[in-house]
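Here are a few exercises to work through with the model open beside you. Take each task in turn, try it yourself, and then compare your steps with the solution.

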Amino acid sequence: MTRMIMMLLVSAAMSAPAMAASVTNRDGDTQVLVVVEGGSRVEVALEPGATETICPSGCFVTLPNGDRIALNGGEVVEIEGGAASVK
């Protein structure tokens, strides 16, 4: 019985999709984002045209123009003109 329960739990964990946000820099300049996730703060530099995957378990992102957005994971974020659009 215990073995069956463990197999079900492992199966459920493996079938759950990994949710993370992706951020794409559509600007001609490198953009630096400040990502705060689980109490950790890190700066992410995005080269022009680059895409980065961030925030697998939710975070706050400060954009180059000073805007701060909350991400839960699964969002698609595009930066253009220093501002973000979340899709």
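Seven bridges join β2 to β3, and these two strands run antiparallel. Before we start, please note that this is a predicted model, in which local features need pLDDT of at least 70 and side-chain atom pairs count only at pLDDT 80 or more, while totals for chains, interfaces and linings use all residues. Residues are numbered from 1 along each chain as its sequence is written, and side-chain values use heavy atoms, with hydrogens and water left out.

**Exercise 1. Find the bridge partner of Leu33 in β3, and describe the turn between β2 and β3.**

Step 1. Strands (E, at least two residues) and helices (H or I, at least four) are DSSP runs numbered from the N terminus. Two strands pair if DSSP finds at least two bridges between them.

Step 2. Leu33 has Val44 as its bridge partner in β3.

Step 3. The two strands form a hairpin with two residues between them, and Gly38 in the turn has a positive phi of about 60°.

**Exercise 2. Work out the strand order of the open sheet of four strands.**

Step 1. Start from β2 and go to β5: three bridges join them, antiparallel. Val34 has Thr62 as its bridge partner in β5.

Step 2. Continue from β5 (residues 59–62) to β6, where four bridges join an antiparallel pair. Here Val61 stands opposite Ile69.

Step 3. The order is therefore β3-β2-β5-β6, with antiparallel pairing. β3 (40–46) and β6 (68–71) each have a single partner strand, so one side of each edge strand is left without a neighbour in the sheet. Neighbouring strands are turned by 25° against each other on average, direction ignored (axes are lines fitted to C-alpha atoms, for helices over the stretch in contact, and angles run from 0 to 180 degrees between N-to-C directions).

**Exercise 3. Decide whether Phe60 is buried, partly exposed or exposed, and list what Phe60 touches.**

Step 1. Phe60 lies in strand β5.

Step 2. Buried means under 20% relative accessible area, exposed over 50%, and partly exposed in between (1.4 Å probe, protein chains only). With 41%, Phe60 is partly exposed.

Step 3. Contact means heavy atoms within 4.5 Å. Not counting residues up to four places away in sequence, Phe60 touches Val34, Val35, Val36, Arg68, Ile69 and Ala70.

**Exercise 4. Locate the disulfide, and say whether its cysteines are buried or exposed.**

Step 1. A disulfide is a covalent bond between the sulfur atoms of two cysteines; the search used pairs of sulfur atoms within 2.5 Å.

Step 2. One disulfide is found in the whole structure. Cys55 and Cys59 are joined, with S to S at 1.7 Å.

Step 3. The link of Cys55 and Cys59 is right-handed, with 60° about the S-S bond, and both cysteines are buried.

**Exercise 5. Which residues of the largest nonpolar core touch the most other members?**

Step 1. A nonpolar core is a set of buried Ala, Val, Leu, Ile, Met, Phe, Trp, Tyr and Cys residues joined through side-chain atoms within 4.5 Å.

Step 2. Of the 15 residues in this core, the answer is Val23, Leu33, Val35, Ile54, Cys55, Val61 and Leu71. The elements giving two or more residues are β1 (21–25), β2 (31–37), β3, β5, β6 and β7 (76–80).

Step 3. Take Ile54: leaving aside neighbours within four places in sequence, Ile54 is in contact with Ala20, Ala21, Val23, Val35, Val61 and Leu71.
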